[in-house]
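Trainee: Could you walk me through how the helices pack in this one? I'd like to take it step by step.

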Amino acid sequence: MGGRRMTILDGPAETRSPRAAAEPDDLDELFGDPRHPGPFDYASIVADDDARRLSSTAESLLDEWHAAAEFVPASLGGRWVSTEDLVRRWRPIFRRDPALGLGYGLTTLMASLNVWVAGDEAQRREVAVRLLRGERIAVGFHELDHGNDLLANEFAAEPDDDGGWLLTGVKQVINNVDRAESVLVMARTSPEPGARSHSLLLWHKDAATRPLVDTSRRVLTAGMRGCRIGVAEFRGLPVPGTAVVGATGTAAQTALTAFQVSRAVIPALAVATVDATLDLAVRYGGERSLYGGAVLDLPHARALLAGAMADLWLADALSAVVVRALHLAPAECMVLTAASKYLVPQLLQSAMQDLSVLFGSTFYARVAPYGIVEKFVRDLAVVPIGHAGSTACLLTILPNLPAWVRRSRRTTETDPALFRLGEPLDELDLARLTLGAGSSDPLGAALVDPAVRDGLCPLATESVDRLAVELDRLRAEIAEVPPALLGADAPPATFALAHRLALLLAGGAWAGVCAEAPSGSLPDDEVVQAAVLARLEARLSGRIGPLDVGTVDHLVDIAGRLVDHDARFTISEPATSSPAPDEEGDTR
């Protein structure tokens with residue numbers, strides 16, 4: 001995506017017509033096994049991270065793979081039809097290097113989403129052409145003084161005498177600002193406060209305008225070290241009137257709509273990093289000797305592994321269902337995607353914390369090939385604060401709570417298609433996304449839908465019954481909260497309500513996935529069903545302890561068989577059925 005090649009399309013941007021991109025090869029095969037020596041193995045990824053750079057080999061492979069086509073709707077010549085497929089195809093990147101995923105492409109997705117949402121036909125076609133020939137777009141939204149409060153930003157666009165705009169000010173923490181061919185900037189176009197104060201403007205760099213913006217200063221970060229995160233200082237940059245994406249003053253509306261997609265996609269991709277870490281943890285625990293046996297012979301290590309697996313499965317279920325909801329329940333995605341972006345990173349960080357303890361000194365001593373885990377932990381720490389932080393996600397949920405209560409009380413049935421992971425989806429229609437709570441509660445309903453309950457094992461059904469009671473209790477508590485306490489200055493107790501809602505929505509997602517799970521798959525396993533719900537109930541109570549010994553033994557046995565068969569721990573991708581037990585019994 002470096003703009004170095006003409007690949008899928010040819011000719012000037014103004015005259016080319018997009019044509020559909022072909023189905024790509026599998027990135028797992030292109031990249032190779034990262035545990036074995038190669039140009040993009042764990043050792044080289046760690047070395048590149050230490051040098052604060054991305055793998056040139058991996059970027060070249062992604063260039064040849066036409067990676068940017070993933071972010072262009074099929075109707076504009078790209079590969080993006082099902083967002084679920086987009087996530088599946090990009091997960092091999094996040095199993096190896098999350099910084100590559102963000103630094104090479106996700107920033108371009110986040111920028112282009114705003115054009116797909118609000119751009120006119122000419123803007124959409126031009127951006128599609130630029131992406132399909134390998135160009136990047138950076139996102140110039142944030143200013144450190146204002147964090148995620150985008151409407152407080154001071155960066156200004158002033159009208160000029162030619163019907164265009166002059167951009168003046170500083171934008172910080174912009175990924176790829178120095179090497180992207182375009183930058184989408186949020187600028188204040190009105191001095192008045194409120195949601196109509198800012199506009200989105202798209203700057204396509206050229207020889208005449210580059211000198212008017214200083215992008216030379218880089219920001220060094222603890223996580224995602226390979227990303228080229230920088231500062232842009234605009235010194236009266238002129239852009240034409242046609243650079244405005246959407247109507248003047250609609251930046252907030254456009255961004256909130258676009259955020260719903262990125263808030264769904266990013267957590268779903270981050271799941272793959274914990275998947276890779278679990279695989280490494282099982283291999284390490286089986287080969288590392290301690291106290292006269294293997295690490296995974298120790299009860300504490302086994303409990304840590306089992307807890308991390310349960311956290312991963314809950315995170316995977318919620319993020320996967322929310323990705324499908326973009327297509328199947330778009331009116332409800334304002335709340336659902338904010339809940340996923342808030343809770344899934346927490347679950348993944350909890351799993352990584354447990355696994356880092358399991359690795360012991362190997363974690364911080366960075367013993368090969370396990371040194372990659374320390375990088376994974378640092379990279380995943382960026383996910384809850386980048387692009388839309390955890391607090392910002394809760395602030396998206398809070399004002400929608402009263403409407404959610406009304407919709408939730410009258411929703412008692414679910415759409416099974418939401419939970420049938422991998423079932424084909426039509427091209428995403430961004431126009432169907434809304435900025436409210438929607439008309440139903442598709443995940444809360446899974447806790448009371450008889451069709452879902454009938455698909456669960458008895459222990460899981462008992463857990464779901466308790467979660468349904470908790471859902472009723474939460475509704476009653478929310479109904480008593482004055483609207484004045486649902487804004488940015490809400491007290492901690494009100495934020496706690498949104499936290500509990502996110503957990504209960506995750507419970508609904510897990511119950512629905514289990515009810516629709518294929519026979520023999522991980523969510524079809526009765527112990528797995530109950531273990532995840534037990535872990536969820538513990539989180540709701542605020543007391544997260546180890547799972548019971550029998551459950552731990554069962555999950556560790558599953559982990560050993562998954563690794564022996566080179567199978568993934570995730571439940572949301574093909575070929576995730578649990579391998580059959582060995583006839584002689586598992587010997588790990």
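Mentor: Leu401, Pro402, Trp404, Val405, Ser408 and Arg409 in H13 meet Leu471, Leu474, Arg475, Ala476, Ile478 and Ala479 in H15. Keep in mind that this is a predicted model, where local features need pLDDT of at least 70, side-chain atom pairs count only at pLDDT 80 or more, and totals for chains, interfaces and linings use all residues. Residues are numbered from 1 along each chain as its sequence is written, and side-chain values use heavy atoms, with hydrogens and water left out.

Trainee: How do the residues of the contact of H13 with H15 divide into nonpolar, polar and charged?

Mentor: Ala, Val, Leu, Ile, Met, Phe, Trp, Tyr, Cys and Pro count as nonpolar, Asp, Glu, Lys and Arg as charged, and the others, Gly among them, as polar. Sorted that way, the H13 and H15 contact has 9 nonpolar, 1 polar and 2 charged.

Trainee: How are H13 and H15 oriented to each other?

Mentor: Helices are DSSP runs (H or I, at least four residues), numbered from the N terminus. Axes are lines fitted to C-alpha atoms over the stretch in contact, and angles run from 0 to 180 degrees between N-to-C directions. H13 (residues 401-409) and H15 (residues 458-479) pack at about 140 degrees, with their axes 9 Å apart. Angles under 35 degrees count as roughly parallel, over 145 as roughly antiparallel, 65 to 115 as roughly perpendicular and the rest as oblique, so H13 and H15 are oblique.

Trainee: And how is H9 oriented to H11?

Mentor: The axes of H9 (residues 333-359) and H11 (residues 372-380) come within 11 Å and cross at roughly 155 degrees. That makes H9, relative to H11, roughly antiparallel.

Trainee: Which residues in H11 does H9 meet?

Mentor: From the H9 side, the residues are Gln349, Met352 and Phe359. In H11 they meet Val373, Phe376, Val377 and Leu380.

Trainee: How many charged residues are in the contact of H2 with H11?

Mentor: The contact of H2 with H11 has 5 nonpolar residues and no polar ones. The charged count there is 3.

How values were computed. Helices (H or I, at least four residues) and strands (E, at least two) are DSSP runs, numbered from the N terminus. Contact means heavy atoms within 4.5 Å.
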